Amino acid sequence: MEQDVNITIIDREGVSHTIEAPTDMAMNLMEVVRSYELAPEGTIGICGGMAMCASCQCYVLSDTPLPEKQDDEEAMLSEAFNVKDNSRLGCQIQIKPEMEGLKVQLAPAE
């Protein structure tokens, strides 16, 4: 069985949460945020993780290696609000062992 990874998520109120995310359940970052209830119900993952709403946009604050952005993620971020150079969609970041130490901040809800 694989190890859980420690991830720090700063919620929309600015509160930092260090949580353990499972690497063996095929979860993405948006699902982890929802499972730990770090964003109000109905404000994150509105499209169900299809990279179609940007409600799970976050800012990557660590140098943790992440997969490259795919075209659908790039397209959604090009239309989203509050986008920064380090913006990613949480639904497009699968939790993997190499993500130990990942630190992100949830983007403001728009």
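Which side chains meet in a salt bridge? In this predicted model, a search of the whole structure finds one salt bridge. The partners are E73 and R88, whose side chains meet at 2.8 Å, N to O. The pair links distant parts of the chain, with E73 placed in helix α2 (residues 71-79) and R88 in strand β4 (residues 87-89), 15 residues apart. Side chains of opposite charge can pair when their charged atoms come close. Both E73 and R88 are buried.

Backbone geometry was examined next. Most residues other than glycine have a negative phi. At A51, by contrast, phi is positive, near 60°, in a residue other than glycine. A positive value is also found at A54, again a residue other than glycine, where phi is near 65°.

The surroundings of these two residues were then considered. A51 lies in the loop between α1 (29-35) and β3 (57-60), and the loop between α1 and β3 is likewise the place of A54. The relative accessible area of A51 is 7%, so A51 is buried. For A54 the relative accessibility is 15%, and A54 therefore also counts as buried, the cut-off being under 20% relative accessible area.

Notes:
Residues numbered from 1 in each chain as written. Predicted model: local features only at pLDDT ≥ 70, side-chain atom pairs only at ≥ 80, totals over all residues. Heavy atoms only, no water. Helix = DSSP H or I, 4+ residues; strand = E, 2+ residues; numbered from the N terminus. Buried < 20%, exposed > 50% of the residue type's maximum accessible area, 1.4 Å probe, protein only. Salt bridge = Lys/Arg side-chain N within 4 Å of Asp/Glu carboxyl O.
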